[in-house]
Amino acid sequence: MAIIREAESAGRQGRARTDGLRRPLWIALGLLLIAFNLRPALSSVGPLLGPIRADTGLSGALAGALITLPVLCLGVFGRLGPPVTRRLGPDAGVLAFLLLIAAGLVLRGLGGLPALFAGSVLAAGGIGVVGVILPGIVKRDFPDRPGLMMGLYTAVLCLGAAAGAGFSVPAGQALGSPWQGPMMIWALPALLAALAWLPLVRAAPAVAGTAPRRTLGRLWRDPLAWQVTGFMGAQSSLAYIVFGWLPAALIDRGADPVTAGLVASLSAMAQTVLALLVPTLAARRRDQRAWVLLVVGLAASGFCGLLVGPPGLVWPFALALGLGLGGCFGLALTLIVLRAPDPQTAGDLSAMAQGVGYCLAALGPLVIGLAHDASGGWGLPAALYAGLGIAAATLGLLAARDRTVLS
């Protein structure tokens with residue numbers, strides 16, 4: 001009997017060790033599957049804008065709204081992250097809004113402008129909430145490896161953006177559907193991510209209550225929190241200008257739609273390199289200011305080169321642009337985790353930085369579109385993009401100092 005009890009004890013210990021290993025690995029896998037779904041809804045619109053306008057008669061103003069509205073929804077809905085976390089818990093909240101993303105992606109491809117805009121709002125709203133919740137989960141489940149996890153997370157997110165930009169037009173050709181099918185097909189990976197996340201759903205912590213509200217109120221009075229928010233907003237604006245206008249700018253400069261989509265896809269795929277490396281390496285240092293200058297400089301020079309530079313250098317400019325944007329976004333998310341002293345504050349700072357930041361970022365594509373219409377070319381938009389890069393670098397240098405919020 002003693003031998004049997006020892007064997008059972010050893011078996012329980014072995015299962016506990018296996019479960020302890022399996023859960024972090026499963027959480028990491030779930031996070032990466034979720035990350036893949038946080039950009040195709042946005043990056044697939046630009047390459048499909050021509051067929052959408054041809055089929056629906058979408059005006060130029062409404063086309064700009066279709067690009068800008070989802071970014072605005074990221075900010076507006078992102079502020080729901082802390083209340084959702086308190087009400088459902090972070091894991092159940094992520095699952096619920098993953099399903100909302102899938103529903104929005106299906107709706108926007110049903111045909112007609114009302115469904116297109118309503119589905120875009122739902123999908124972007126779900127992305128906004130999920131994106132706000134995830135940094136807190138990283139801080140909670142990977143406190144010793146935040147840089148590595150945020151690097152993997154942003155790298156896979158960039159892969160999703162690349163897939164949306166590069167495969168939407170070929171998918172439409174394969175499906176025999178100019179834009180409805182490619183709009184809807186991105187619901188499939190969202191549902192897969194929801195299935196993978198389902199086993200991890202657990203009840204909200206018993207301590208959830210008034211503390212997050214006090215933290216949020218204090219963050220709004222914290223200069224460092226506003227610097228992190230400003231950098232998130234400025235670098236996001238740099239990215240969404242590219243998502244919205246890069247294919248159109250390349251076509252204006254003589255590229256065919258498939259080539260324009262491939263250039264955008266290469267740029268998005270290149271984001272994965274520094275999206276992975278910058279958070280991993282930057283988290284090892286107390287000060288991240290050198291990384292700010294590197295990644296913002298690459299992004300600004302790359303996009304300005306694509307807008308006004310020699311056509312023969314399109315591919316190197318696209319590579320520089322992608323490397324810079326990937327590094328910017330990875331660094332912005334990592335700064336949220338590094339500047340927060342605990343998981344709760346990380347979630348609240350994420351809500352502030354992404355909620356306010358994306359609302360500000362939504363103005364970027366609109367301003368660039370107005371500048372292009374006013375000037376009839378891409379020189380003025382390039383100058384405005386360079387100015388936005390200077391603003392992003394300034395805010396990033398302040399946010400990257402070795403400090404924490406609420407300290």
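Student: Let's start with charges. How many salt bridges does the structure hold?
Tutor: Three. Keep in mind that the model is predicted.

Student: Which residue does Arg140 meet at 3.3 Å?
Tutor: Asp91. The two side chains form a salt bridge, with 3.3 Å from N to O.

Student: Which residue pairs with Arg289?
Tutor: Asp287. Their closest N and O atoms are 2.7 Å apart in a salt bridge. Arg289 is partly exposed at 36%, and Asp287 is partly exposed at 25%.

Student: How many of the H7 residues are buried?
Tutor: 22 of 29, so H7 is mostly covered.

Student: Switching to rings. How many aromatic pairs are there?
Tutor: Four. One of them is Tyr240 with Tyr358. Their centres are 6.0 Å apart and their planes are at 70°, which makes the pair edge-to-face.

Student: Which helices hold those tyrosines?
Tutor: Tyr240 lies in H12, residues 223-252. Tyr358 lies in H16, residues 343-361. The pair thus ties together parts that are 118 residues apart in sequence.

Student: Are they buried or exposed?
Tutor: Tyr240 is buried at 4% relative accessible area. Tyr358 is buried at 3%.

Student: What about Trp245 and Trp378?
Tutor: Their ring centres are 6.4 Å apart and the planes are at 55°, so the pair is tilted. Trp245 is in H12, and Trp378 is in the loop between H17 (363-375) and H18 (379-399). They are 133 residues apart, so this pair links distant parts of the chain. Trp245 and Trp378 are both buried.

Student: Now the packing. How many residues are in the largest nonpolar core?
Tutor: 107. Those with the most contacts inside this core are Leu31, Ile34, Leu38, Val94, Leu134, Leu331 and Tyr385.

Student: Which helix gives the most to this core?
Tutor: H12, with 16 residues.

Student: What does Leu31 touch, leaving out residues up to four places away in sequence?
Tutor: Leu134, Ile137, Val138, Phe142, Met149, Tyr153 and Trp197.

Student: And the second core?
Tutor: That one is separate and has 13 residues. Among them are Leu49, Leu66, Leu116 and Val169.

Student: New topic. Where is Gln288 found?
Tutor: In the loop between helix H13 (257-282) and helix H14 (289-308). Gln288 counts as buried, at 1% relative accessibility.

Student: Which side chain joins Gln288 in a polar contact?
Tutor: That of Arg339, at 3.1 Å. Beyond four places away in sequence, Gln288 touches Ala282, Leu331, Leu335, Leu338, Arg339 and Ala400. Leu331 is also listed among the residues with the most contacts inside the largest nonpolar core.

Student: Last one. Where is Gly46?
Tutor: In helix H3, residues 45-56. Gly46 is buried, with a relative accessible area of 13%.

Student: What does Gly46 touch, not counting residues up to four places away in sequence?
Tutor: Phe243 and Pro247.

Student: And how does Gly46 sit relative to Ala63?
Tutor: Their C-alpha atoms are separated by 9.5 Å. Along the chain the two are 17 residues apart.

How values were computed
Residues numbered from 1 in each chain as written. Predicted model: local features only at pLDDT ≥ 70, side-chain atom pairs only at ≥ 80, totals over all residues. Heavy atoms only, no water. Salt bridge = Lys/Arg side-chain N within 4 Å of Asp/Glu carboxyl O. Buried < 20%, exposed > 50% of the residue type's maximum accessible area, 1.4 Å probe, protein only. Phe/Tyr/Trp six-rings, centres within 6.5 Å; stacked < 30°, edge-to-face > 60°. Helix = DSSP H or I, 4+ residues; strand = E, 2+ residues; numbered from the N terminus. Core = buried A, V, L, I, M, F, W, Y, C linked by side-chain atoms within 4.5 Å. Contact = heavy atoms within 4.5 Å. Polar contact = N/O pair within 3.5 Å; in protein donor to acceptor, adjacent residues only side chain to side chain.
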